[in-house]
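Please have the sequence and the model at hand while reading.

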Amino acid sequence: MRKKGLIIYFIAVVFLLAACGNNEGTQKSDENTNESTESITVTDAYDETTFEEVPERVVVLEWVYAEDLLALGIQPVGMADIENYHNWVNIELELSEDVVDVGTRQEPNLEAIAELNPDVIITAGYRHEGIMDSLEEIAPTLAFNPYPEEGQGNQFEEMKTTFNKLGTLFQKEDKAIEVINGMEETFTSVAQEISDANVENNSFVLSQAYTSDNNPVLRLFKDNAMAVQIMEQLGLENAYESEGFQLYGYDEASVEALQNFQDANFFYIVQEDDNIFTNQLAGNPAWENLSFVEEGNTYGLPGDTWTYGGPLSAEVFANQIKNALTE
């Protein structure tokens, strides 16, 4: 009996050790599963890029994508043309002082980018097609197209699509949805304020004007422009029409082009030291005799009005339009 009891005891010990061993193996397997992350695939203007983990060190070569990162709660390690970003992009979220300037948007400094050891570079394809191979040698590069070709949608829809793709890349999908929803809520609120102000004429022409070779030039924005798309979501209607598609969303024209649209409200963006309407066109009948000039339906927007940004800039622009119309 004692021998039989001893045998049973040893069998029990063996089973106990085996069970412990299996539990340990299961625990390690679970730990490995928790540590692993699924790959992330993002499609840019050219093809798909797959990342095995969420990028942490990001270099951006176009302002809109820097703004997008800030909206998602991410600071880039490097960025092109920081000084002018501050001059134009007027969102509340601030770029960290630690962000390294990597040259101009037109000609970024490849050596400075490489020194930052980025996990990803984000840029606009149209601007850097000539150096894409060099950028790819430094890090995976995502190149988006903020100016869709004819028939491929408008600039506003592209902006939202790209923003959501960046939300996917950085595993910030919920934050991206929150930001887009916040933008749309701002549009709804602003549209209501404009309506409550009893603005009688909702027709508009939007222009950015400047001097070129001593001649006044007007950019007149077409329906595919992001700024126009935003204004129409505020309950306004673009009066400007012209034949042909313009990739960047505007025609460059002289003041005579406004003759057919003078019953609309005229919104314009000029720099304080280059206001063609108070300088070159002052006293010019082609300008002074337009109905919206005679009736006081012209609305100046701040010189640093930014019409090429992301969701947060879109909110700023919507409020600038409201302020111009109602104050």
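## Overall composition

Of the 327 residues in the chain, 46% are buried, where buried means under 20% relative accessible area, exposed over 50%, and partly exposed in between (1.4 Å probe, protein chains only). The model is predicted: local features need pLDDT of at least 70, side-chain atom pairs count only at pLDDT 80 or more, and totals for chains, interfaces and linings use all residues. Residues are numbered from 1 along each chain as its sequence is written, and side-chain values use heavy atoms, with hydrogens and water left out.

The chain contains 12 helices and 13 strands; these are DSSP runs, helices being H or I with at least four residues and strands E with at least two, numbered from the N terminus. Among the contacts (heavy atoms within 4.5 Å) with a separation of 6 or more, 62% are between residues 24 or more positions apart.

## Helix α2

Helix α2 spans residues 63-71, and nine of its nine residues are buried. Charged residues E67 and D68 are included in this buried set. Just after α2, G73 adopts a positive phi of about 85°.

## Salt bridges

A salt bridge is counted when a side-chain nitrogen of Lys or Arg lies within 4 Å of a carboxyl oxygen of Asp or Glu, and by this rule there are eight. In one of them, R127 meets E62 at 2.6 Å, N to O. R127 belongs to helix α5 (residues 125-128) and E62 to the loop between β3 (58-60) and α2, so this pair ties together parts 65 residues apart in sequence. E62 is buried, its relative accessible area being 8%.

K160 takes part in two salt bridges, with E157 at 4.0 Å and with E184 at 3.5 Å. E184 lies in helix α8 (residues 173-196) and K160 in helix α7, 24 residues apart, so that pair links distant parts of the chain. K160 and E157, by contrast, both lie in α7 (residues 155-169), three residues apart. K160 is buried at 15% relative accessibility, whereas E157 is partly exposed at 39%.

## A negative surface patch

Which residues gather in a patch of negative charge on the surface? They are D47, E48, D133, E136 and E137. Such patches consist of residues with over 30% relative accessible area and no salt bridge, like charges being joined within 9 Å. Helix α6 (residues 132-138) supplies the largest share, three residues. E48 is found in strand β2 (residues 48-51) and, at 58% relative accessibility, counts as exposed.

Definitions and conventions
Patches are made of residues with over 30% relative accessible area and no salt bridge: like charges are joined within 9 Å, nonpolar side chains (Val, Leu, Ile, Met, Phe, Trp, Tyr) within 5 Å. Accessible areas come from the Shrake-Rupley method with a 1.4 Å probe; for residues, only the protein chains shown count as cover. The place of a charge is taken as NZ of Lys, CZ of Arg, CG of Asp or CD of Glu.
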